[in-house]
Amino acid sequence: MADIAVVFHSGYGHTQRQAQAVAEGAAARLIAIDAEGNLPEGAWEQLAAADAIVFGSPTYMGGPSWQFKKFADATSKPWFTQAWKDKLFAGFTNSAALNGDKHSTIHYFITLAAQHSGLWVSQGIMPSSTKAAQRDDPNRLGSYAGAIAQSPSDASPAEMAPGDLETARQFGKRVAEAAARWARR
Ligand SMILES: Cc1cc2nc3c(=O)[nH]c(=O)nc-3n(C[C@H](O)[C@H](O)[C@H](O)COP(=O)(O)O)c2cc1C
């Protein structure tokens, strides 16, 4: 079985629920970036050992949170030796608005993965975009590059859309399947 790490930040718990759903789908270990932008003990070693790394952050002001960016800057250490070269990478984000510039965050993750000479795993779920589409459909927000979720600004983490969490689970499963194929190469 492939070794998958989901490394994420969440300020108020919404992206944490999304991260938990991704990790459930992928049977992955969860690594939470704390409020100071630091990783728990042993996390760098876990990232070094992972076949696939999934990045997660809320979208704040059109990009990842500063705590995620602090982590991203700290990855310059493995970057120097290209220690993460040829790992698989994927990413997810959550924000209040339907659009909210979530894709700026996803595209930041893609760039970060590319700087590490990684391979990007896309979302792989067709969008629910017909007139009959419902709020709880998988990929109702219509993303291809990564998994996205919308948490209205007055909604608690418990009120997150089931379809967004199912999207996250299916996305995690896809990353796990891709990592298993890649690990067999
Ligand atoms: C500083 C800050 C900036 C934000 N910027 C955006 C934004 O650019 N787009 C958006 O749709 N929502 C934005 N939001 C809303 C958050 O993305 C939303 O509340 C999200 O669910 C928070 O996730 P979390 O609970 O994991 O921190 C912002 C919230 C904060 C606190």
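How far should the 14 residues of helix H5 (residues 102–115) span at 1.5 Å a residue? Hold that thought while you get your bearings.

**Before you click**

This is a predicted model, where local features need a pLDDT of at least 70, side-chain atom pairs count only at pLDDT 80 or more, and totals for chains, interfaces and linings use all residues. Residues are numbered from 1 along each chain as its sequence is written. The chain averages a pLDDT (the predictor's confidence in each residue, from 0 to 100) of 97, and 99% of the residues score at least 70. The model also scores ipTM 0.99 and pTM 0.98.

**Stop 1: the whole chain**

Helices here are DSSP runs of H or I with at least four residues, strands are runs of E with at least two, and both are numbered from the N terminus. Walk along from the N terminus and the elements run β-α-β-α-β-β-α-α-β-α-β-β-α. The radius of gyration is 15 Å, close to the 16 Å that the globule rule gives for 185 residues, so the chain is as compact as a globular protein of that length. That radius is taken over C-alpha atoms, and the globule rule is 2.2 Å times the number of residues to the power 0.38. Along the principal axes, the C-alpha atoms fill a box of roughly 50 × 35 × 25 Å.

Of the 185 residues, 44% count as buried. Buried means that 20 or more other C-beta atoms lie within 10 Å of a residue's own; exposed means 12 or fewer, partly exposed is in between, and the C-beta atoms are placed from the backbone. Among contacts with a separation of 6 or more, 77% come from residues 24 or more positions apart. A contact means that two C-beta atoms, placed from the backbone, lie within 7 Å.

**Stop 2: helix H5**

Now select 102–115. Those 14 residues should span 20 Å, and the end C-alpha atoms of H5 are 20 Å apart, which agrees. (The expected span is 1.5 Å times one less than the number of residues.) Next, colour Lys102, Thr105, Ile106, Tyr108, Phe109, Leu112 and Ala113, which are buried in H5. Look down the axis of H5: these buried residues fall within an arc of 155 degrees, so they line one face of the helix. The arc is that of the directions from the helix axis to the C-beta atoms. An α-helix has 3.6 residues a turn, so residues three or four places apart point the same way.

What do the buried residues of H5 pack against? Select strands S3 (52–60), S4 (63–64), S5 (88–95), S6 (119–120) and S7 (147–150), plus helix H3 (66–74). Just after H5, Ser117 takes a positive phi of about 55 degrees.

**Stop 3: the core and helix H6**

Select Ile4, Val6, Val7, Val22, Ala52, Val54 and Val175: they have the most contacts inside the largest nonpolar core, which has 45 residues. Helix H6 (residues 162–183) gives the most to this core, with 7 residues. A nonpolar core is a set of buried Ala, Val, Leu, Ile, Met, Phe, Trp, Tyr and Cys residues joined through C-beta atoms within 7 Å.

H6 has 22 residues and reaches 31 Å from its first C-alpha to its last, close to the 32 Å expected. Its buried residues are covered by elements including strand S1 (4–9), helix H1 (14–26), S3, S5 and S7.

Zoom in on Val175, in H6. With 31 C-beta neighbours inside 10 Å, Val175 counts as buried. Leaving out residues up to four places away in sequence, Val175 touches Ile4, Ala26, Ala52, Val54, Leu88, Ala90 and Val121. With the same exclusion, Val54 touches Ile4, Val6, Val22, Ala28, Ala90, Gly91, Phe92 and Val175.

**Stop 4: two last residues**

Click Ser95, in strand S5. Ser95 has 22 C-beta neighbours inside 10 Å and counts as buried. Beyond its neighbours within four places in sequence, Ser95 is in contact with Pro58, Thr59, Gly100, Lys102 and Gln150.

Finish at Gln123, in the loop between S6 and S7. Is Gln123 buried or exposed? Gln123 is buried, with 25 other C-beta atoms within 10 Å.
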